[in-house]
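Dear colleague,

I am passing on to you the structure we spoke about, and the notes below go through what was found in it. Please look at it alongside the text.

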Number of protein chains: 2
Amino acid sequence: MPKISHRGIQMPPSPIRKLAPFAEATKAKGIKVYHLNIGQPDIETPQPILDAVRHSTFKILEYSHSAGNESYRKKLTSYYQRFNIHLDYSQIIITTGGSEAILFAMMSCLNPDDEVIIPEPFYANYNGFAMEAQVHIKPVTSTIEKSFALPPVKDFEKLITERTKAILICNPNNPTGYLYSQEELETLRQICLKHDLYLFSDEAYREFCYEGAHFSALHLEGMEENVIVLDTISKRYSACGGRIGAFVTKNQQVLDSVIKFAQARLSPPSFAQILGEAAVDLPVDYFNQVKEEYRSRRNLLVRMLNDIPGVKCPLPGGAFYAIAQLPIDDADKFCQWLLEAFSFENQTVMLAPASGFYATPGLGKQEVRLAYVLNKNDIHHAMICLEEALKVYPGRKVASLLKHSTV
Amino acid sequence: MPKISHRGIQMPPSPIRKLAPFAEATKAKGIKVYHLNIGQPDIETPQPILDAVRHSTFKILEYSHSAGNESYRKKLTSYYQRFNIHLDYSQIIITTGGSEAILFAMMSCLNPDDEVIIPEPFYANYNGFAMEAQVHIKPVTSTIEKSFALPPVKDFEKLITERTKAILICNPNNPTGYLYSQEELETLRQICLKHDLYLFSDEAYREFCYEGAHFSALHLEGMEENVIVLDTISKRYSACGGRIGAFVTKNQQVLDSVIKFAQARLSPPSFAQILGEAAVDLPVDYFNQVKEEYRSRRNLLVRMLNDIPGVKCPLPGGAFYAIAQLPIDDADKFCQWLLEAFSFENQTVMLAPASGFYATPGLGKQEVRLAYVLNKNDIHHAMICLEEALKVYPGRKVASLLKHSTV
């Protein structure tokens, strides 16, 4: 029997999805599970953009241009213009989800064995794309004590070698919800220019900022050749299943390279490009409404979390995630126990253990990620469940032991 | 300015699309261009499957399961059953086009620097996926003299090293249209079992066989651990823009690996999964009609080609491509000349030079690929254009010089 590849063996399974079989078993027992573990928004996809697809009249579902429909790319320039980001449509390549944009960035800019520095905890699927591109992730640790702010410059510089080619940030951040400030972006600018590094900026959650405006990497001056923005419509319009993202840069050499990767896979999905194009025409107050909903959920979630004895959760400035530190021995065990052995009033809650978002072994053992993608009533019940669970969890640890969690 | 990667530099541009700027310029001059260069079918996507998407009523465009919707995967088992291929739905992973299935196969089964043997001429994008996976393609040459039949076993065995992990075939073949026989598949079976190799079988054109039935790699006995079928709905239902394919194998280890790659990119496109699922319910005579249309186009195309003095084109058994040998000095030059310098009655024809489908330098210089994706009237006019062009092309060579083309 032929062997599978080293890559195939080492490829990490999704840490977010690994508890799924336990959740299925729990539901089969008739217990309601509140899913705070995964970033699938419950907000409805705006009707007009679904209608744009449903009312389409084309006769042949053709390949689009490998870079995406020109009409869509042109329209997207007006979307970015709202943020005072000035692009030519040729600087936007439509991708199959933000996922493909990340993979294209790693493939086009890094050689096998090159290194990319990423503040941890980070979006776990970056590991998968790094494995596919055969590049190494060097984590620089951000801590819950500092609300997951950008680590100091010296921590980055300690990691920089001749193999370092890029820094990757997610802003606002998944999984921490942290919103990087303009000052923090300027710090990254200095590091990148000094060491001739790319800055990959995953701005999937750009629209979801609750404390001040978003400062995009594309706003950084003198970084035209360094900045690549990885974008997606998935969260912005609750359109995760569309699989439409964008690769955005002013670096012409990089664009010339990425279009070849885009040609190899022919084209991004046609249906959802229609949806994405229609989305640019949504009324501007669409985001205001959605943002208000997420903001009020965040406020409820974080308040209720911090009201639970021994729980600590910094207020996230953006996205729809929060990381909380719990008075427990091991979040992996705890999350599994919540599904396997616990219920309160026939309900329980599913969380994502944060260990899967850290690259440094041992970190995040007492942390969980919560996605506030449920309505406030459900969040309320989920938090009551969590509070009750922490009262009876056999692996409960007192607060004084918590310091170890971020060593 | 940071450098792009070696991969980014070496990644081959699409040979099919490289003449596109010349075609644009030609059209701008008001000259009609018959596109025989690209496999975008003109056949309409069946209305019922477009309607399945257009009449959908879901409210949230959610991620699907990373392996695709269970309902679709289950339905696909009944599709394969029609070909006497018996699968459990867990043996099918829905991919983003056949493209992603090819990439997953290379990533999961081959280590960087491993080798895959592919009969040339072959689908040019295999080069791109090999580059992404950092694996090497070793071409085994099939010739127009033998109608692009499977090269002899000894030609394969000459290429097998300890680095060889797989043989990749496309059946029926793009770009040659050759339909491999059961005997040829049995030959591949013996080679793969003897040398412990995977057999990757790209069966994108399974439905388009004009001379006898299709014999799938999944029909081979004792090859459960070796065979991976790479599939797509793109050509089958004129649904190229849907970007829905499938990775099919009975090898559980490979499935366990591929699902991790699938999880990293979250899910395949949701809209077109609805379309793909509906397609399994199309009446069986749908393919008969489509196949008859392609068959009659093929007959017209090949007859008219062989009627042109100095042109030779074997009758392809499947797909919707043919490779013809022309009495010319260089197909790259000729194809560009057709667009830049020639027209007949204000019309010209766009062909794909075959050199881009060969990995061995120098091969295919007098060959072009023609995709019969236009109606018969257009094919008729395109062939008249080609005949007229060959009368006046400055680089015309007489037939006696043609022997060099397949050395």
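In what order do the strands of the open sheet of three strands in chain A stand, and is the pairing parallel or antiparallel? In this predicted model, the order is 9-12-11 in chain A, and the pairing is antiparallel. The edge positions belong to strand 9 (321–325) and strand 11 (352–353) of chain A, each of which pairs on one side only. Strand 9 of chain A is joined to strand 12 (residues 367–371) of chain A by five bridges, with the two strands running antiparallel, and within this pairing A:I323 has A:R369 of strand 12 as its bridge partner.

Chain B has an open sheet of three strands in the order 9-12-11, with antiparallel pairing. Strand 9 (321–325) and strand 11 (352–353) of chain B each have a single partner strand, so one side of each is left without a neighbour in the sheet. Between strand 9 and strand 12 (residues 367–371) of chain B there are five bridges in the antiparallel sense, and B:A324 stands opposite B:V368 of strand 12. As background, strands of a sheet pair through backbone hydrogen bonds, either parallel or antiparallel.

Turning to chain A as a whole, its secondary structure comes to 13 helices and twelve strands. Its radius of gyration is 21 Å, close to the 22 Å that the globule rule gives for 407 residues, so chain A is as compact as a globular protein of that length. Taken along the principal axes, the C-alpha atoms of chain A fill a box of roughly 55 × 55 × 55 Å, and 56% of the 407 residues of the chain count as buried. Among the contacts in chain A between residues at least 6 apart in sequence, 76% join residues that are at least 24 apart.

The relation between the two chains comes next. Chain B can be laid on chain A with an RMSD of 0.0 Å by a turn of 180° and a shift of 0.0 Å along the axis, which is the relation of a two-fold axis. In chain B, the C-alpha nearest that axis belongs to B:R54, at 2.0 Å from it.

The contact between the chains takes 65 residues from chain B and 65 residues from chain A. On the side of chain B that touches chain A, the elements giving two or more residues include helix 1 (6–10), helix 3 (47–54), helix 5 (97–109) and helix 6 (125–133), as well as helix 9 (252–264) and helix 10 (270–279), of chain B. The largest share of that side, seven residues, comes from helix 9 of chain B, and by class the side has 27 nonpolar, 25 polar and 13 charged residues. Of the interface residues of chain B, 100% are also interface residues in chain A, so the copies meet through the same surface.

As for the interior, nonpolar side chains in soluble globular proteins tend to be buried together. In this model, the largest nonpolar core has 269 residues, of which A:M106 and B:M106 touch the most other members. Leaving aside neighbours within four places in sequence, B:M106 is in contact with B:F129, B:A130, B:A133 and B:V135.

Finally, some backbone features deserve a look, given that most residues other than glycine have a negative phi, and most peptide bonds are trans. In chain A, the peptide bond from A:N171 to A:P172 is cis, with omega near -10°, and A:P172 lies in the loop between strand 5 (164–170) and helix 8 (182–195) of chain A. In chain B, the peptide bond from B:N174 to B:P175 is cis, with omega near 20°, and B:P175 is placed in the loop between strand 5 (164–170) and helix 8 (182–195) of chain B.

B:S238 is not a glycine, although it has a positive phi of about 45°, and its place is in the loop between strand 7 (227–232) and strand 8 (245–249) of chain B. B:S238 is buried, with 23 other C-beta atoms within 10 Å. B:R243, which is not a glycine either, has a positive phi of about 60° and is found in the loop between strand 7 and strand 8 of chain B. With 32 C-beta neighbours inside 10 Å, B:R243 counts as buried.

With best regards

How values were computed: Residues numbered from 1 in each chain as written. Chains lettered and ligands numbered in written order. Predicted model: local features only at pLDDT ≥ 70, side-chain atom pairs only at ≥ 80, totals over all residues. Core = buried A, V, L, I, M, F, W, Y, C linked by C-beta atoms within 7 Å. Buried ≥ 20, exposed ≤ 12 C-beta atoms within 10 Å, placed from the backbone. Contact = placed C-beta atoms within 7 Å. Helix = DSSP H or I, 4+ residues; strand = E, 2+ residues; numbered from the N terminus. Rg over C-alpha atoms; globule rule 2.2 N^0.38 Å. Least-squares fit on C-alpha atoms with pLDDT ≥ 70 in both. Nonpolar A, V, L, I, M, F, W, Y, C, P; charged D, E, K, R; others polar. Pairing = 2+ DSSP bridges.
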